[in-house]
Amino acid sequence: MDNDVSAGSTTTIVGRLALGITLLAFGLGYTEVIDGVTAADAVSIAQYVGGVALFVAGLMAFRDRDAVGGTAFSALGALWFTWAVSADGQVSANAAGLFLLLFALVALSLAVAGGDQLGKGMYGLFFVSLLLLAIANFAENDGLAKVGGWFAVAAGAVAWYAATAALAHWPTALPRRAAGRRVTATG
């Protein structure tokens, strides 16, 4: 197998697919780019795919002694399950913003924890999405929420690509710059 290709563990692939699908549904709902589809329409996907499936993937990762994957998938499973079951509840905009801000810190921790480039990018985009959505809740700004939704869509696309790349053995690393002196046209 090529050094730029990582097959990834089955747990990581399943977790990233579940996260990707959930982020795509959640993000597209916030963007309202599809007529009549809102974030509330992502509740079932968030509860079962994002919540239950990710939490189970986290437990399986812990069983395989993958502390980073176990922590990531379990924490994100808790996020999605909690978001889904509380979607019908009447909470203040500030309480919703605080919830999103706290999980933005989880996503930031996952982004800086290490791992492959796609994982860092995925969690980084998810962090920005949650941060923007939290600020949008605090400020009651629908336009900012749509921007946060697009960042969630981008994070979902990266998660989906990472899982699909591992399944299809596509390159997942960015090309590396050659070490040494820089070559210019003048020599």
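A salt bridge here is a side-chain nitrogen of Lys or Arg within 4 Å of a carboxyl oxygen of Asp or Glu. The model is predicted, so local features need pLDDT of at least 70 and side-chain atom pairs count only at pLDDT 80 or more, while totals for chains, interfaces and linings use all residues. Residues are numbered from 1 along each chain as its sequence is written, and side-chain values use heavy atoms, with hydrogens and water left out.

**Exercise 1. Find the salt bridges and say how exposed their partners are.**

Step 1: Count them. The structure holds two salt bridges.

Step 2: Take Asp116. Its partner is Arg16, with the closest N and O atoms 2.9 Å apart. Asp116 sits in the loop between α4 and α5 (117-139) and Arg16 in helix α1, so this pair ties together parts 100 residues apart in sequence. Helices are DSSP runs (H or I, at least four residues), numbered from the N terminus.

Step 3: Check accessibility. Buried means under 20% relative accessible area, exposed over 50%, and partly exposed in between (1.4 Å probe, protein chains only). Arg16, at 11%, is buried, whereas Asp116, at 29%, is partly exposed.

Step 4: Turn to the other pair. Asp64 bridges to Arg63, with the closest N and O atoms 3.6 Å apart. Arg63 is exposed at 58%, and Asp64 is partly exposed at 43%.

**Exercise 2. Describe the surroundings of Thr11.**

Step 1: Thr11 belongs to helix α1 (residues 10-31) and is buried, at 6% relative accessibility.

Step 2: List its neighbours. Beyond those within four places in sequence, Thr11 is in contact (heavy atoms within 4.5 Å) with Ala57, Met60, Ala61, Asp64 and Phe73.

Step 3: Look at the side chains. Those of Thr11 and Asp64 are joined by a polar contact of 3.4 Å. Such a contact is a pair of N or O atoms within 3.5 Å; within protein, one must be able to donate a hydrogen and the other to accept it, and residues adjacent in sequence count only if both atoms are side-chain atoms.

**Exercise 3. Which element gives the largest share of the lining of the largest pocket?**

Step 1: On a 1 Å grid over the protein atoms alone, a pocket is an open set of points where a 1.4 Å probe fits, with protein on both sides within 12 Å along at least five of seven lines; lining residues have an atom within 4 Å of a point.

Step 2: Look at the lining. It has 19 residues, with Trp83, Ser86, Ala87, Val91 and Ala96 nearest the pocket's centre.

Step 3: Assign elements. Those giving two or more residues are α3 (67-85) and α4 (93-112). The largest share, five residues, comes from α4.
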